[in-house]
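Colleague: I would like to learn how to read the features of a model such as this one, one at a time. Could we look at it together and begin with a single residue?

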Amino acid sequence: MKIGMVGLGKMGANMVTRLLRGGHEVVVYDLSAESVAASVADGAEGATSLADFVDRLDVPRVAWVMVPAGDPTNATIRELASLVSAGDVLVDGGNSNYRDTIRRAEELAEAGVDMVDVGTSGGIWGVTEGYSMMVGGEAAAVDRLRPALETLAPGPELGWGHVGPNGSGHFVKMVHNGIEYGLMQAYAEGFELMRHKTDFGLDLHQIARIWQHGSVVRSWLLDLTADALEENPDLEGVAAWVPDSGEGRWTVVEAIELNCAIPVISLALQRRFRSRETEPFGDKLLSALRNQFGGHAIKNAS
């Protein structure tokens, strides 16, 4: 069985590399001819269009989509749906909203095409360490993907699982990313507090390395924290500006709709919003209010 991969961004290309190393035949397509050429040099079979891509796959086909969520995924799956046949499987391995995934699965099912959503985590390290994959879809379709999933995962029975019906894979990945927000924020705040304690002269990189072994807060994120502090102890040249990919927002919205309290994740998301304001209006208003009711001095903006 050939596996098709549409989208050769960093993660998609790395997944192709891991599949090839595992002995799979892979057909690739991307809008960038250079990206296709790079995967072909690695051993993949290149396609020049989505129609050519579909023609090169063995029937019943497996086409894995790794493009940005939203309009790019919508457009890609829509075009693929017009080219594939009943019995084929389309996989969305991106960070799609699970509600969109459910809708797409229902539309594809009308044509006899199976949809599988694979929430994928692993970043740039997945090519060597393996990917964590949360899989949603019909059992038969997931079973067809098993050889690829076992190759992409850290081990055949490690780091991946069929978590439920269509949408569940992307839902679990959404929550996964929400948890990631909270963990990252906790590390950031803890290290900032230690940096403020100047009279101890703490070496933050040393402390991160200490915590990596035996500590209850050890984790891969802590490993990355230690690496970042070793490379740039004062984080010179790094702006205090933190984006969000959208899944943290979806997690908070879902919690509101389900009347489920997730204060840590919610506040971590809000803190990212705050990081992107150079002069928060709310803080200015606080200063103005103190002046209004108490005559407290206002620090003039420079």
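Colleague: Leaving aside its neighbours within four places in sequence, which residues is T101 in contact with?

Modeller: Contact here means heavy atoms within 4.5 Å, and once the neighbours within four places in sequence are set aside, T101 is in contact with S96, M115, D117, G167 and H170. This is a predicted model, in which local features need pLDDT of at least 70 and side-chain atom pairs count only at pLDDT 80 or more, while totals for chains, interfaces and linings use all residues. Residues are numbered from 1 along each chain as its sequence is written, and side-chain values use heavy atoms, with hydrogens and water left out.

Colleague: Where does T101 lie, and is T101 buried or exposed?

Modeller: Helices (H or I, at least four residues) and strands (E, at least two) are DSSP runs numbered from the N terminus, and T101 belongs to helix α5, residues 98-109. As for cover, buried means under 20% relative accessible area, exposed over 50%, and partly exposed in between, with a 1.4 Å probe and protein chains only. T101 counts as buried because its relative accessibility is 0%.

Colleague: What do the totals for the protein look like, in helices and strands and in buried residues?

Modeller: The protein has 13 helices and eight strands, and buried residues make up 42% of its 302 residues. The C-alpha trace spans about 75 × 40 × 35 Å along its principal axes. Of the contacts between residues at least 6 apart in sequence, 63% join residues at least 24 apart.

Colleague: How should I read a salt bridge, and how many does the structure hold?

Modeller: A salt bridge is a side-chain nitrogen of Lys or Arg within 4 Å of a carboxyl oxygen of Asp or Glu, and the structure holds 20 of them. In one of them, E257 pairs with R99, with the closest N and O atoms 2.6 Å apart. This pair links distant parts of the chain, since E257 is in helix α11 and R99 in helix α5, 158 residues apart. R99 counts as partly exposed, at 42% relative accessibility.

Colleague: Why are E107 and R103 separated by about one helical turn?

Modeller: They are separated by about one helical turn because they are four residues apart in helix α5. E107 and R103 form a salt bridge whose closest N and O atoms are 3.6 Å apart. E107 is partly exposed at 45% relative accessibility, and R103 is likewise partly exposed, at 33%.

Colleague: Which residue forms a salt bridge with R276?

Modeller: R276 pairs with D244, the closest N and O atoms being 2.9 Å apart. Here too the pair links distant parts of the chain, with R276 in the loop between α12 and α13 and D244 in the loop between α10 and α11, 32 residues apart. R276 counts as partly exposed at 24% relative accessibility, whereas D244 counts as buried at 15%. Elsewhere, salt bridges that share partners join K2, E45, D52 and R56 into one network.

Colleague: Which residues form a nonpolar patch on the surface?

Modeller: Patches are made of residues with over 30% relative accessible area and no salt bridge, where like charges are joined within 9 Å and nonpolar side chains (Val, Leu, Ile, Met, Phe, Trp, Tyr) within 5 Å. F281, L285, L289 and F293 form such a nonpolar patch, with about 470 Å² of accessible area together; accessible areas come from the Shrake-Rupley method with a 1.4 Å probe, and for residues only the protein chains shown count as cover. Of these residues, L289 is in helix α13, residues 281-294, and is partly exposed with a relative accessible area of 43%.
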